[in-house]
Amino acid sequence: MEKFVDNLSPMDLMRSEKMKLVQLIIPVESAHRAVSYLGELGLLQFRDLNAEKSPFQRTFVNQVKRCGEMSRKLRFFKDQIIKAGILSSIHPVVEPDVELEELEIQLAEHEHELIEMNSNSEKLRQTYNELLEFKIVLIKAGSFLVSSDNHTVAEERELSENVHSNHSYDEASSLIEQEMGTADQPGLRFISGIICKSKALRFERMLFRATRGNMLFNQAPAGEEIMDPLSAVKAEKTVFVVFFSGEQARKKILKICEAFGANCYPVPEDFSKQRQITREVSSRLSELEVTLDAGIRHQNKALTSIGYHLTQWMSMVRREKAVYDTLNMLNFDVTKKCLVGEGWCPVFAKAKIQDALQRATVDSNSQVGIIFHVMDAVESPPTYFRTNHFTNAYQEIVDAYGVARYQEANPAVYTVITFPFLFAVMFGDWGHGICLLLGALVLIARESRLSTQACVQTYHV
């Protein structure tokens, strides 16, 4: 049977290629270049000689892990670029490849810089949102505390929340964490804050039950969607002021506020102090807006710089990972100085493979050449169909349904004729056919340009 197959006349695209099992003995210093060159050639399928080993027991597991970690960092950069909305403005550049160790250092530096910028931006954004809520509470809650005659409130209702009279608003400290307590003193007291509108009704009922009705609850809508300082989610909120009496009631109300996610802010009773704090908070908000804008510009500049090289870096890391995955399929010989590999290649490709191996030996300055020889095979070889620029698409369609057996006729050749016919039967109208024809002509006319862009901008897909 084997002689019959060998005597079959070559049919080019009509029949799968004749395959041979070959063995490679590669010196360690040439292994990386040899596998890389063979990968670019794409005419040798290695057999896994370490199938019984787990991925963590293989020789080059550490290099694979490093490539996986670099891939994670590159995905992080890509997500940050997409999140910043600057992907469309980046035009990738092609530069000479750098060493893997150097690239690893560059990626670590860029990741550390971006994480630090994100952390600082998040802290500033949280402080900004807290101050914005504080300003709204000052404006809305002030209307509950100021009388219509003299815009003041009686001295006996003065609360401990006036500890903010020193007007220190350090951006690193959270306003929510500021002390809300006062000395135990008689009289009517209050707590002011802001809560999600959807929780306001349940919040009021819980306060009423906890204080047994000994409280007065006033509320007013914030008037706009506000970004929550902790969850960073926009939501409609309601400003509230709870009037009560007694230290026990105060502790209960603060616990309920914490349970419902309400943010409490100190509001002074004196109207002049309210206006003064409001002005200071507004000034602080303006400063934070300027700082945040500067931080965003700096981050976008860094992301744009990364985006110029992102495509090349991703391609390089993918290639390196593929090389080390392939090297993990090879075995060391007895001397531990050479790697032994086996694989299938088409008969016509032996000369090309030997040329690639010779280039790897020269480029790696190895004193020992790579041994390449054909072996006898017992199992059936894999199927390889030679395709050209035109038949490649049809071959992929056929392979999606199933791959033909070794030395079997290639169904893709017949699909070149039958597929357009069957497609025309399914969509047999002039309008649709004309649209497809025009689209195909445009793609053919711009084929070279589109193929170049597809190679350069792989990460856009």
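## Helix packing and nonpolar cores

Helices α3 and α7 cross in a left-handed way; a crossing is left-handed if the near helix is turned anticlockwise from the far one by less than a right angle, and right-handed if clockwise. This is a predicted model, in which local features need pLDDT of at least 70 and side-chain atom pairs count only at pLDDT 80 or more, while totals for chains, interfaces and linings use all residues. Residues are numbered from 1 along each chain as its sequence is written, and side-chain values use heavy atoms, with hydrogens and water left out.

The chain has 12 helices and 9 strands, which are DSSP runs numbered from the N terminus (helices: H or I, at least four residues; strands: E, at least two). Of the 461 residues in the chain, 38% are buried, that is, under 20% relative accessible area with a 1.4 Å probe and protein chains only.

### Two helix pairs

The table gives the axis distances and crossing angles. Axes are lines fitted to C-alpha atoms, for helices over the stretch in contact, and angles run from 0 to 180 degrees between N-to-C directions.

| Pair | Axes come within | Crossing angle |
|---|---|---|
| α3 and α7 | 8 Å | roughly 150 degrees |
| α4 and α7 | 7 Å | roughly 155 degrees |

Helix α3 is therefore roughly antiparallel to α7, a term for angles over 145 degrees. The contact of α3 with α7 has 14 nonpolar, 6 polar and 4 charged residues. Here Ala, Val, Leu, Ile, Met, Phe, Trp, Tyr, Cys and Pro count as nonpolar, Asp, Glu, Lys and Arg as charged, and the others, Gly among them, as polar.

Helix α4 covers residues 100–145 and α7 covers residues 271–327. These two helices are therefore also roughly antiparallel to each other, and their crossing is left-handed. Their contact is made up of 25 nonpolar, 12 polar and 6 charged residues.

### The nonpolar cores

A nonpolar core is a set of buried Ala, Val, Leu, Ile, Met, Phe, Trp, Tyr and Cys residues joined through side-chain atoms within 4.5 Å. The largest one has 47 residues, and L24, L74, L327 and I353 are among those with the most contacts inside it. Elements that each supply at least two residues include β1 (19–27), α3 (61–84), α4, α7 and α8 (350–363). Helix α7 gives the most, with 11 residues.

Leaving aside neighbours within four places in sequence, L74 is in contact (heavy atoms within 4.5 Å) with L107, L310, W313, M314 and V317. A second, separate core of 23 residues includes Y128, L131, V137 and L138.

Conventions
Angles under 35 degrees count as roughly parallel, over 145 as roughly antiparallel, 65 to 115 as roughly perpendicular and the rest as oblique. Buried means under 20% relative accessible area, exposed over 50%, partly exposed in between (1.4 Å probe, protein chains only).
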